[in-house]
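Colleague: I have a few questions about side chains and who pairs with whom. Let's take them one at a time.
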Amino acid sequence: LGIPFDLTEVSGRPKPDWYLKINPRGKVPAIRLPALENQVIYESAICCEYLCDANSPTSLMPEDALKRAHIRLLNDHCDNVFSKTQFTFLMNKDEAKDAELSQAMEDALVPYEEALEESGGPYLMGSEFTLADVHMLPFILRLVVSLKHFKNYELPGDKFPKLLAWFDLCSKRESVQAASLSEEKIIEIYTMFVSVDYKFGGLNKN
């Protein structure tokens, strides 16, 4: 979108008091808008939609109402279905459950393989890179890196050929490369999470 911004990193638990005054939930990210009397917006999906709406028109969020609804449905599935299976599998300490949990995660990924098939690709909504791709991509990056490192698991290519091709394509985008964490940084962060049995805001169902 080419929007100028200043970045303040917020890490650690509990979150500092100054941040809790901005976002009482203590979750990141949040956006503070100096030009609009320091109004605050939080929750990832809402932040992204706001930025698209405030800078429309943009291909990231199409004007067509049905396409916008499809993007929201994919993103809602990511947040409320898929992410729970991902983090529950990652944080599971009982190896006897790994096969069951990895299967549940793969089942939750099927709608994305189907979306790529139905749209014709190469992106989730078709020829345009949209907010559906922006939203899902960090989850797949963290899945690929963290589960290979901690679980020796890789997404099966025979089951998710289109999703893996999508991930490879998206990963080559200049904006994605500029914004993504390195594999080393992801492993460092997730090593901390695993060591403390982090709950990921309730997404870890162990």
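Colleague: Is Asp-98 buried or exposed?
Modeller: Asp-98 counts as buried, because its relative accessibility is 17%. Buried means under 20% relative accessible area, exposed means over 50%, and partly exposed is in between, with a 1.4 Å probe and protein chains only.

Colleague: Before we go on, what is this based on?
Modeller: This is a predicted model, so local features need pLDDT of at least 70 and side-chain atom pairs count only at pLDDT 80 or more, while totals for chains, interfaces and linings use all residues. Residues are numbered from 1 along each chain as its sequence is written, and side-chain values use heavy atoms, with hydrogens and water left out.

Colleague: OK. Which side chain does Asp-98 meet in a salt bridge?
Modeller: A salt bridge is a side-chain nitrogen of Lys or Arg within 4 Å of a carboxyl oxygen of Asp or Glu. Helices (H or I, at least four residues) and strands (E, at least two) are DSSP runs, numbered from the N terminus. The salt bridge of Asp-98 is with Lys-151, at 3.0 Å from N to O. Asp-98 lies in helix H4 and Lys-151 in helix H5 (residues 131–151), so the pair ties together parts that are 53 residues apart in sequence. Lys-151 counts as buried too, because it has 19% relative accessibility.

Colleague: How many salt bridges does a search of the whole structure find?
Modeller: Ten. One of them joins Glu-43 and Lys-27, with the closest N and O atoms 3.7 Å apart.

Colleague: Where do Glu-43 and Lys-27 lie?
Modeller: Both are in loops: Glu-43 between strand S2 (39–42) and helix H2 (44–54), Lys-27 between helix H1 (17–22) and strand S1 (30–33), so this pair ties together parts that are 16 residues apart in sequence. Glu-43 is partly exposed at 23% relative accessibility, and Lys-27 is partly exposed at 44%.

Colleague: Next, Lys-159. Which residue does it form a salt bridge with?
Modeller: With Glu-106; the closest N and O atoms are 3.2 Å apart. Lys-159 lies in the loop between H5 and helix H6 (161–171) and Glu-106 in helix H4, so parts 53 residues apart in sequence are tied together by this pair. Lys-159 is partly exposed at 31% relative accessibility, whereas Glu-106 is buried at 9%. As for networks, salt bridges that share partners join Arg-25, Lys-27 and Glu-43 into one.

Colleague: Staying with Glu-106, what else does it touch?
Modeller: Contact means heavy atoms within 4.5 Å. Not counting residues up to four places away in sequence, Glu-106 touches Tyr-153, Pro-156, Lys-159 and Phe-160. With Tyr-153 there is also a side-chain to side-chain polar contact at 2.7 Å. A polar contact is a pair of N or O atoms within 3.5 Å; within protein, one must be able to donate a hydrogen and the other to accept it, and residues adjacent in sequence count only if both atoms are side-chain atoms.

Colleague: Which charged end sits over the ring of Phe-129?
Modeller: That of Arg-173, 3.9 Å from the ring centre. For a charge to sit over a ring, NZ of Lys or CZ of Arg must be within 6 Å of the ring centre and within 35 degrees of the ring normal. Arg-142 does this with Phe-139, at 4.8 Å.

Colleague: Last one: which residues are buried in H6?
Modeller: Leu-163, Trp-166, Phe-167 and Cys-170 are buried there. They cover an arc of only 100° around the axis, so they are on the same side of H6; the arc is that of the directions from the helix axis to the C-beta atoms. The cover over the buried residues of H6 includes H4, H5 and helix H7 (174–179).
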